[in-house]
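The sequence and coordinates come first, followed by the text.

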Amino acid sequence: MNYRFLIIALGCLAFAVTAQNSDVNAPISISAKSTFVDGVSKMSVYKEDVVITQAGLKINAQSLSIDASAGEGQEVFIATGKPATFTQLLDDGTSVTAAANEISYNVVSRTVTFNGEAQLAQETSVVKSERIEFDLINKQLIATADKSKGGRVTTVFQPEILKQQIQEQESEKN
């Protein structure tokens with residue numbers, strides 16, 4: 001396998017999960033068939049046909065739990081489904097899609113984690129694993145398999161697209 005192509009493919013996926021610049025400050029909208037909010041414990045639970053949107057980001061799930069007990073700006077969001085799905089429109093007009101049994105977002109660490117039959121795709125590149133974690137600050141992707149089940153991480157990409165990207169990068173340098 002040509003490792004140069006693999007490194008570029010993983011790099012493309014890593015940049016894929018970064019939000020549009022306007023997404024971070026846009027309002028978050030949550031709709032569901034039922035909502036439970038506990039003001040004392042600062043926990044919220046949304047159930048049945050949950051849709052979360054924020055600018056170019058959309059998550060569909062069966063349930064959403066929000067733990068705000070650590071205070072404002074330190075929330076943890078956990079969406080679950082069979083699967084829960086994630087779509088994000090990027091600044092360049094392309095989109096990233098992901099699916100997993102659980103999608104969690106930690107506001108403090110700025111990490112998005114896809115757990116359970118996780119899959120992340122952009123254009124023709126796909127990463128499949130039991131767990132995929134993306135660090136939004138450092139733009140790093142870590143995919144891990146369930147070793148107890150003999151699982152593996154699978155990455156599929158189209159070399160022709162990568163070849164075009166390399167050529168474009170090299171022409172920009174010249």
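## Contacts and overall fold

Among contacts in the chain between residues at least 6 apart in sequence, 44% join residues at least 24 apart. The model is predicted. The chain contains 2 helices and 10 strands, and from the N terminus on the elements follow the order α-β-β-β-β-β-β-β-β-β-β-α. Of the 174 residues in the chain, 34% are buried. The accessible surface comes to about 10300 Å², and carbon and sulfur atoms account for 51% of that area.

## Strand 7 and its partners

Strand 7 is largely enclosed by the rest of the structure, since 10 of its 12 residues are buried. Strand 7 pairs in the antiparallel sense with strand 6 and also runs antiparallel to strand 8.

In soluble globular proteins, nonpolar side chains tend to be buried together. Here the largest nonpolar core has 25 residues, and those with the most contacts inside it are Ile59, Leu64, Ala79, Phe86, Ile103, Phe114 and Ile132. Two or more core residues come from each of strand 3 (43-54), strand 4 (57-67), strand 5 (76-89), strand 6 (95-106), strand 7 (111-122) and strand 8 (125-135). Strand 4 gives the most, with 5 residues.

Which residues does Phe114 touch, not counting those up to four places away in sequence? They are Phe86, Ala98, Ala100, Glu102, Ile103, Glu130, Arg131 and Ile132. Three of these neighbours, Phe86, Ile103 and Ile132, are themselves listed with Phe114 among the core residues with the most contacts.

## The salt bridge

Side chains of opposite charge can pair when their charged atoms come close. The structure holds 1 salt bridge. Arg131 forms a salt bridge with Glu133, and the closest N and O atoms are 2.8 Å apart. Is this pair of residues buried or partly exposed? Buried means under 20% relative accessible area; Arg131 has 32% and is therefore partly exposed, and Glu133, at 25%, counts as partly exposed too.

Methods
Residues are numbered from 1 along each chain as its sequence is written. This is a predicted model: local features need pLDDT of at least 70, side-chain atom pairs count only at pLDDT 80 or more; totals for chains, interfaces and linings use all residues. Side-chain values use heavy atoms; hydrogens and water are left out. A nonpolar core is a set of buried Ala, Val, Leu, Ile, Met, Phe, Trp, Tyr and Cys residues joined through side-chain atoms within 4.5 Å. Buried means under 20% relative accessible area, exposed over 50%, partly exposed in between (1.4 Å probe, protein chains only). Helices (H or I, at least four residues) and strands (E, at least two) are DSSP runs, numbered from the N terminus. Contact means heavy atoms within 4.5 Å. Accessible areas come from the Shrake-Rupley method with a 1.4 Å probe; for residues, only the protein chains shown count as cover. A salt bridge is a side-chain nitrogen of Lys or Arg within 4 Å of a carboxyl oxygen of Asp or Glu. Two strands pair if DSSP finds at least two bridges between them.
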